[in-house]
Amino acid sequence: MDSFTALADPTRRSILEMLGRQPHGAGDIVTRLQQAGAISAPAVSQHLKVLREAGLVRVKVDGQRRIYSLDPAGLDAMDAWIARVRGFWAARLDALEQTLREDADDE
């Protein structure tokens, strides 16, 4: 799944923000999300799977626990795409600004 598609869901964005502060065990993620609203453990598990498949989080097995953390590589890929788009638009907006100034000077 595409990273941006994965982040279209508000629950997955919440999970990513939570993991941005520090790694969390799956059970802790479930508890925190259940405190914030009605969501089942299987639903949280599905959200974590989507984020993992999108390359945004990674999981480390520690005995019986699964510890989730952000995957910097997935976030770097998103940053790179945003930078390319920003660069594309910045150049065009600069050209538009220049054209508008030239038009204003001609009047």
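Colleague: At what angle do the ring planes of F4 and W81 stand?

Modeller: In this predicted model local features need pLDDT of at least 70, side-chain atom pairs count only at pLDDT 80 or more, and totals for chains, interfaces and linings use all residues. Residues are numbered from 1 along each chain as its sequence is written, and side-chain values use heavy atoms, with hydrogens and water left out. Rings of Phe, Tyr and Trp (its six-membered ring) pair if their centres lie within 6.5 Å, with planes under 30 degrees apart counted as stacked, over 60 as edge-to-face and the rest as tilted. The centres of F4 and W81 are 5.0 Å apart, and the pair is tilted because the planes stand at 55°.

Colleague: Is W81 buried, partly exposed or exposed?

Modeller: Buried means under 20% relative accessible area and exposed over 50%, with partly exposed in between (1.4 Å probe, protein chains only). The relative accessibility of W81 is 41%, so W81 is partly exposed.

Colleague: Which strands stand at the edges of the sheet?

Modeller: Strands (E, at least two residues) and helices (H or I, at least four) are DSSP runs numbered from the N terminus, and two strands pair if DSSP finds at least two bridges between them. The open sheet has 3 strands in the order β1-β3-β2, with antiparallel pairing. Each edge strand has a single partner, so one side of each is left without a neighbour in the sheet, and these strands are β1 (24-25) and β2 (57-62).

Colleague: Over how many bridges do β2 and β3 pair?

Modeller: Within this pairing, K60 stands opposite I67 in β3. Strand β3 covers residues 65-70, and its antiparallel pairing with β2 runs over 6 bridges.
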